[in-house]
Amino acid sequence: MKISVIGVGYVGLTQALGLAEFGFDVVGIDIIKEKVDKLNQGQTPLTEEGLEQLLSKHLNNNLSFTTDYSVIKNSDAIFLCVGTPPRQDGSTNLDFLMSAVNTMKPYLTGNHKLVIVKSTVPVGTTRKVYSMLRDNNVAVFFNPEFLREGLAIHDFFNPSRIVIGFDNNSKQYLNNLFKIYEYFVNKNTPFILTNWETAELIKYASNTFLAMKISFINELARFAEHHNIDIKTLSKGIGADPRIGYSFLNAGLGYGGSCLPKDVKSLIKQFEATGLEPKLISAIDSVNESQVKWFFNKIKQEYPSLEGKTFAIFGLAFKPKTDDLRESRGIAMIDLLLSQGSKIKAYDFVPNARANLLQKYINDHNIEILDDPYECVVNADGVIITTDDAKFTDLDWSKISELISNKIVFDGRNILDEPKLRALGFKYLGVGK
Ligand code: UDX
């Protein structure tokens, strides 16, 4: 079977590599020539575990990349994986998707083809795509992804469920899609088969629910620190109930990344467009939007003025094991500190995250991005942890205590060993503690 994947970002590239590993002939299509050229040379544009190995295994074998949409003519299935970024007002920009559909349309000739929308799209979009292609010989599906950055390849091969949205026209071609996903059928992965709109909302509702858990614990953290409540024990106590579960109850600086913030905001807009007021969902967003500011105010209280103070920032990407800076809470913190005249020495364990940050602040002399975490703390007035990378816990804090000017640590992810730090003479401030 020949498969095309349109858009080779996180989602599309992972999908293309996964399908190549299943043995299909896969072509990844992207409009960015530079990206396509790099991929054809075996270079990955993303920092993602396992990606490089799969690329070198399948490239020039059963996997290639092109900017030329005409390859679709020979495809049996086309996965649409282009980005659906947020507009300024939080609504979803579908321009890339619509343009991809229009560009591929002339090539949907010959054999009957499956068109599978994988991009996260507002409710009603797959129906729109179908209406654009109804004269072509295609069956249209919506099949959301639930890949976590940093674990994308792992998640591709071990999905918690496969959701497939279809309509009366595409129903009869479901078996063709099951053939592509035979690996998961054999693995007894739960399949959830439903209509397009339900499948579209499952994606938004899943991410919004995760965001809700985070905002919930973050709001409780604000209360906890007034009442001698241990926020981590609180999370354990809540999560022990299997109806609630432990995951996504870690209080911190809030959720970042390319998905959670944008999907919550998009769902708010979708409610509003329907004439409904999204009360709970709006609250999730507003707690998250204020979380970094709330923690920043805690930092501010420890100094007469932040002007001229130097801070070591540990954690630049939106989470560990990725170089993705989108909606990074660390960057939000850096910007607040810079606005007060502070100086920053920044570090992330992922080299490319440091390189990306350097690009962003290329002309700002108040920020240094260093390749050694210990260099960041030399003469610093405090350390701020912004991602929950366990490697920060394993740093030599005794060495840090000797290098730093002012022994204070602001643990924005509650990951450090508080008693150990206190024993080393640090003042420790966490989220909810
Ligand atoms: C998310 C979803 O998990 C995935 O299923 C979806 O398809 C894409 O979006 P990702 O963006 O990679 O994945 O990030 P995720 O691991 O979900 O974390 C999002 C943010 O929440 C991070 O900034 C993380 O630090 C934060 N977070 C997570 C918390 O603040 N507390 C927690 O308890 C968990």
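## Fold and overall dimensions

The chain contains 19 helices and 14 strands. The model is predicted.

Its C-alpha trace extends over about 70 × 45 × 40 Å along the principal axes. The radius of gyration is 23 Å, which agrees with the value near 22 Å that a compact globule of 433 residues would have.

## Burial and contacts

Of the 433 residues in the chain, 53% are buried. Contacts between residues at least 6 apart in sequence were also sorted by separation: 73% of them join residues at least 24 apart.

## Surface and charge

The chain has an accessible surface of about 19,100 Å². Carbon and sulfur atoms account for 51% of that surface.

Charged side chains number 48 positive and 50 negative. The centres of these two sets are 3 Å apart.

Pro-122 sits in the loop that runs between strand 5 (113–117) and helix 5 (125–133). Its relative accessibility is 13%. The cut-off for a buried residue is under 20%, so Pro-122 counts as buried.

With neighbours within four places in sequence set aside, Pro-122 is in contact with Thr-92, Leu-94, Glu-200, Tyr-204, Ser-266 and Gln-270. For one of these partners, Glu-200, the separation from Pro-122 is 78 residues in sequence, while the C-alpha to C-alpha distance is 6.6 Å.

Key. Residues numbered from 1 in each chain as written. Predicted model: local features only at pLDDT ≥ 70, side-chain atom pairs only at ≥ 80, totals over all residues. Heavy atoms only, no water. Helix = DSSP H or I, 4+ residues; strand = E, 2+ residues; numbered from the N terminus. Rg over C-alpha atoms; globule rule 2.2 N^0.38 Å. Buried < 20%, exposed > 50% of the residue type's maximum accessible area, 1.4 Å probe, protein only. Contact = heavy atoms within 4.5 Å. Areas by Shrake-Rupley, 256 points an atom, 1.4 Å probe, with all protein chains shown as cover. Lys, Arg positive; Asp, Glu negative; His and termini not counted. Charge placed at Lys NZ, Arg CZ, Asp CG, Glu CD.
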